[in-house]
Amino acid sequence: MKITKPAKAGTMESNDIYIMVYPNEKGNEIQLDSIVLKQFGKQIEKVIMDTLKELEVENALVVAKDRGALDYTIRARVETAIKRAIK
Amino acid sequence: MRRSMLYIPGNNPSMIQNAPVLGADSIILDLEDSVSVDEKDSARFLVRNALLELDFNGCEKVVRINSLNTELGYEDIDVIARVKPDALLVPKATKDAIEEIDELISTIEREEGFKLGSIKLIPLIETAFGVEDVFNIVKSSKRVAAVLLGAEDLTADMEVKRTKEGEEIFYARSRIVSACKALKVDAIDTPFTDINDFEGLKRDCQRAKLIGMTGKAAVNPRQIDIINEVFSPSMEDIEWAKRVIAAYDEAQREGKGVFSLDGKMVDAPVLARAKNVLEKAEAIGLIKG
């Protein structure tokens, strides 16, 4: 899947994550801001990266603002943003 | 057992992940009215992932899909049925819609290797046409496990004012109950929408139970305890039922066909009611089997 335009998904509410995706010529990159960055930053980045891989995306800059989302929410929000970005 | 069915907005992770511990028998993850048109895709993926990954603590998992009048309903079915919810709640249900959804789900169940018929359907009756056709709607698919009355849309369709007393929905409630009893499915009452009026909620539950409703939908977690209490057999009911069964057993031993308890004759319908009370009490853990 090739990202062709910016898109976003999620909210800034508690237990959610706000995801913005942009086309990126340098491959997949993540910029993460989280209320639990120290404890779970690496895990959140891994979930985002794995989701991009599952969706076969190779050119996304993902800007994520996390408010304590569980993995199922992170995966859902990334998938929604990506699918909006390829429409 | 569906005493209480709690609506949860399908695009709210916080509410979704807290829902299983609130005490409701069923959780309705809503993709319809509580989700804005712009967020339908987002809610659909969130609910799908929640069904895949969260522990729902034994609650029945129901998803309210969008109507088949738009493409949204078809997309909901294709994504949600593949992760095997316990049931789909079908808004503004008609016989045609239930039959079509039954076929769509059957195809998905075959493709995914699920047992055929394992995903149930709950028609939401919220139009005058739906009320008049409720018997045929229930009969149109073996998947139908319950009917839920949606009085807000129904009264809008009927062009009448919705009141707390509910006289305007008495006919709809009665007709739904009658169809549900005839076809042996649950009859779930409409939500009580004043979330701060607990006395009113209790009276509304009692009115619904009196005419045969078996449970009620909730729009706020604070409504669950009252709903569960009203739609559970009382200790008085359980004691009465136990005495009926004991009297029946004794009559059987003595070879009596007919017997009485407290001066009243006990016949087959009374015996059936007593057994029903004990089955319900056992199902919710009030007594041991």
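A residue is called buried when its relative accessible area is under 20%. That cut-off settles the first case in this predicted model. A:Glu79 has a relative accessibility of 10%, so A:Glu79 counts as buried.

Where does A:Glu79 lie? This residue belongs to helix α2 of chain A, which covers residues 71–85. Its side chain makes a polar contact with the side chain of A:Lys83, at 2.8 Å. Both chains supply its other contacts. Setting aside neighbours within four places in sequence, A:Glu79 touches A:Thr51 and A:Leu55, and across the chain boundary B:Phe45 and B:Arg48.

Those last two partners lead to the interface. The size of an interface is often given as the accessible area lost when the parts come together. Between chain B and chain A that area is about 1400 Å². Carbon and sulfur atoms give 44% of it. In residues, 17 of chain B are in contact with 16 of chain A.

How many salt bridges does the rule find across the interface of chain B and chain A? There are four. One of them pairs A:Arg84 with B:Glu39, with the closest N and O atoms 3.4 Å apart. Polar contacts were counted too, with both residues at pLDDT 80 or more: eleven residue pairs between chain B and chain A. On the chain B side, the elements giving two or more residues are α1 (13–18) and α2 (40–53). Helix α2(B) gives the most, with eight residues. By type, the chain B side that touches chain A divides into six nonpolar, six polar and five charged residues.

Now turn to another helix of chain B. Helix α11(B) runs over residues 235–253.

Which residues of α11(B) are buried? They are B:Ile238, B:Ala241, B:Val244, B:Ile245, B:Ala247 and B:Ala251. An α-helix has 3.6 residues a turn, so residues three or four places apart point the same way. After α11(B) comes B:Gly255, which has a positive phi, near 75°.

Terms used:
Residues numbered from 1 in each chain as written. Chains lettered and ligands numbered in written order. Predicted model: local features only at pLDDT ≥ 70, side-chain atom pairs only at ≥ 80, totals over all residues. Heavy atoms only, no water. Helix = DSSP H or I, 4+ residues; strand = E, 2+ residues; numbered from the N terminus. Expected span 1.5 Å × (residues − 1). Buried < 20%, exposed > 50% of the residue type's maximum accessible area, 1.4 Å probe, protein only. Contact = heavy atoms within 4.5 Å. Buried area = accessible area lost by both parts, 1.4 Å probe. Salt bridge = Lys/Arg side-chain N within 4 Å of Asp/Glu carboxyl O. Polar contact = N/O pair within 3.5 Å; in protein donor to acceptor, adjacent residues only side chain to side chain. Nonpolar A, V, L, I, M, F, W, Y, C, P; charged D, E, K, R; others polar.
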